[in-house]
Amino acid sequence: MEAVLQTRGLLSLPPHPTRVRSLLNPSQGLKHRRFASKPLGLNGLSLSYKRVPSVVAKPNGLSPKEKSFICKAEAAAAADGQPLFGETPTPKFLGIELVTLKKIIPLGLMFFCILFNYTILRDTKDVLVVTAKGSSAEIIPFLKTWVNLPMAVGFMLLYTKLANVLSKKALFYTVILPFIAFFGAFGFLLYPLSNHIHPEALADKLLAVLGPRFLGPLAIMRIWSFCLFYVMAELWGSVVISVLFWGFANQITTVEEAKRFYPLFGLGANIALIFSGRTVKYFSNLRQNLGPGVDGWAISLKGMMSIVVLMGLAICFLYWWVNKFVPLPTRSKKKKEKPKMGTMESLKFLVSSKYIRDLATLVVAYGISINLVEVTWKSKLKAQFPSPNEYSSFMGDFSTATGIATFTMMLLSQFIFNKYGWGVAAGITPTVLLMSGVGFFSLILFGDPLGPTLAKFGMTPLLAAVYVGALQNIFSKSAKYSLFDPCKEMAYIPLDEDTKVKGKAAIDVVCNPLGKSGGALIQQFMILTFGSLANSTPYLGGILLVIVLAWLAAAKSLDTQFTELRREEELEKEMERAAVKIPVMSESGNGSLASGSAETSE
């Protein structure tokens, strides 16, 4: 009588189990074979045996012996990406599973729309606050410290509270829809009324009393609606990109898919940078075709905000489609469930985690480093392009160049991840930022002696500083989008859901503006101590070096922890997927296997 061993499909074994044992490993006992490496058996199956007490009911009138054995079949092919026995091979297109494509393509389109909007908003916010009457680039450090940071902290507290009471879908719509409504209202309502709602007369009186040292703080009051737009645009980058999009992407993708496709998300995103840069350039040049007395910037702003609203609605539609038609991946079931925590408990838990602290260090270090260079560059930029339309037109070209550079880096990023791993990829961005920052500060320090040489190329030291600063920002941002962001988001995937949701809210919403505010505080201190940014440039260079070294150390520590967590998750998923319990086979008197239905415990 021949018995059948079922492992999702049907596999026939010889009628004598002793022969099976001798075929697998004739010279070793069962105990040794259980803990030794499992030999491959029939058709890629690795078989191991363990004796357990006989609990098989008497089948077909045959008396079971006192001993029986259980087979545990593990699909070795699963480790190689092959389907298990009995599984239907999933359909593929261009070597990619269709289920994966249903996730990756909408996510790429979402990222395209989000980055398209962010580029328009980022360029527009700088034009509004830097070129406004009674304001300058010196307003930016005060904005980031005293307005942007408190609002980011308030949002994080609100988001943490909402995450405990709302579903993920409701939370997504609750957060993104107010952004879309505000930007539409600003273009068509707040900006046209800005001359009536800004307290310019009061700001002028206070400036006359307090002196020019308070130009920055008073400018926040003078152009409060522009500052509100600035903060909302900053929060779009922190909230919609980092928390909503990447949180959703981490929810529906596996680590294997992330390693393969996260760097490629940026390809679509940086095509968005190129097109949005051209869009900003187009609307900024509308002034040339308008008659005298027409506010060309108001017309440009209405056009750009209309596009932002349409893209925002497209993001909502793509999110709805993915939730409706794409299945969620199977996560390891051995993750322990964490109880719901209040706001303070969540913060204490996050601070106590070394993993989260290292992630926070990466984000804060980037914010400080880029801010130390960026504000100085924008002050030079306003001096070169004082008109809002000229400033915005240059920023459109800058965004296009950033998109092209980042697109190229994206093509290289997958090779970097595959060849050198997470740790090397995470260290490239701080290295690029340090080297390019040193070049920019050097030109600021030694620009005047280089004046005659630069004149031969038709450039002034100011214009050269603008171009070198632009190159520094382009290289730094391309490295961030192509390597730093994918590295940071991959680091969240092995975490449990509670840590993942609240950790992202704390890091991306608070630590991101905290880094920028930290850089702004450093600049304010340097200006008060040394009189100007130019006088403090050598010290800013030294601070940049210290920050980048701390950044590299945190990346190295996080690499070790990420690798360990990843190994543990892979082991758990392998055990859950591959270890398939088989019905107990009892040894009968005539040497054949009689199957029975039984519950066994290990």
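**Close-ups of a predicted helical model**

**View 1. Helix α10 has a kink of about 30°, centred on L235.** The bend at a residue is taken as the angle between two fitted axes, one for the seven residues ending there and one for the seven starting there. This is a predicted model, so to speak of local features we ask for pLDDT of at least 70, and side-chain atom pairs count only at pLDDT 80 or more, while totals for chains, interfaces and linings use all residues. Residue numbers start from 1 along each chain as its sequence is written, and side-chain values use heavy atoms, with hydrogens and water left out. α10 covers residues 224–252, 29 residues in total. Helices here are DSSP runs of H or I with at least four residues, numbered from the N terminus. From first C-alpha to last, α10 reaches 40 Å, close to the 42 Å expected at 1.5 Å a residue; that expected span is 1.5 Å times one less than the number of residues. The rest of the structure largely encloses α10, because 26 of its 29 residues are buried. Buried means under 20% relative accessible area, exposed means over 50%, and partly exposed is in between (1.4 Å probe, protein chains only).

**View 2. Helix α6 meets helix α12.** The axes of α6 (residues 168–190) and α12 (residues 296–325) come within 8 Å and cross at roughly 165°. Axes are lines fitted to C-alpha atoms over the stretch in contact, with angles from 0 to 180 degrees between N-to-C directions. So α6 is roughly antiparallel to α12 (over 145 degrees; under 35 would be roughly parallel, 65 to 115 roughly perpendicular, and the rest oblique). Their contact has 17 nonpolar, 5 polar and 3 charged residues. In this scheme Ala, Val, Leu, Ile, Met, Phe, Trp, Tyr, Cys and Pro are nonpolar, Asp, Glu, Lys and Arg are charged, and the others, Gly among them, are polar. The crossing is left-handed: the near helix is turned anticlockwise from the far one by less than a right angle, whereas clockwise would be right-handed.

**View 3. Helix α5 passes α6 in a right-handed crossing.** Here the axes of α5 (residues 139–165) and α6 come within 10 Å, crossing at roughly 150°. That angle makes the two helices roughly antiparallel to each other.

**View 4. G312 sits in helix α12.** G312 has 0% relative accessibility, so it counts as buried. Look for C113 too: its C-alpha is 7.2 Å from that of G312, though the two residues are 199 apart along the chain.

**View 5. E257 belongs to helix α11 (residues 255–284).** E257 is buried, with a relative accessible area of 12%. Between the C-alpha atoms of E257 and T100 there are 7.8 Å, with 157 residues separating the pair along the chain.

**View 6. L521 lies in helix α18 (residues 497–530).** L521 is partly exposed at 42% relative accessibility.
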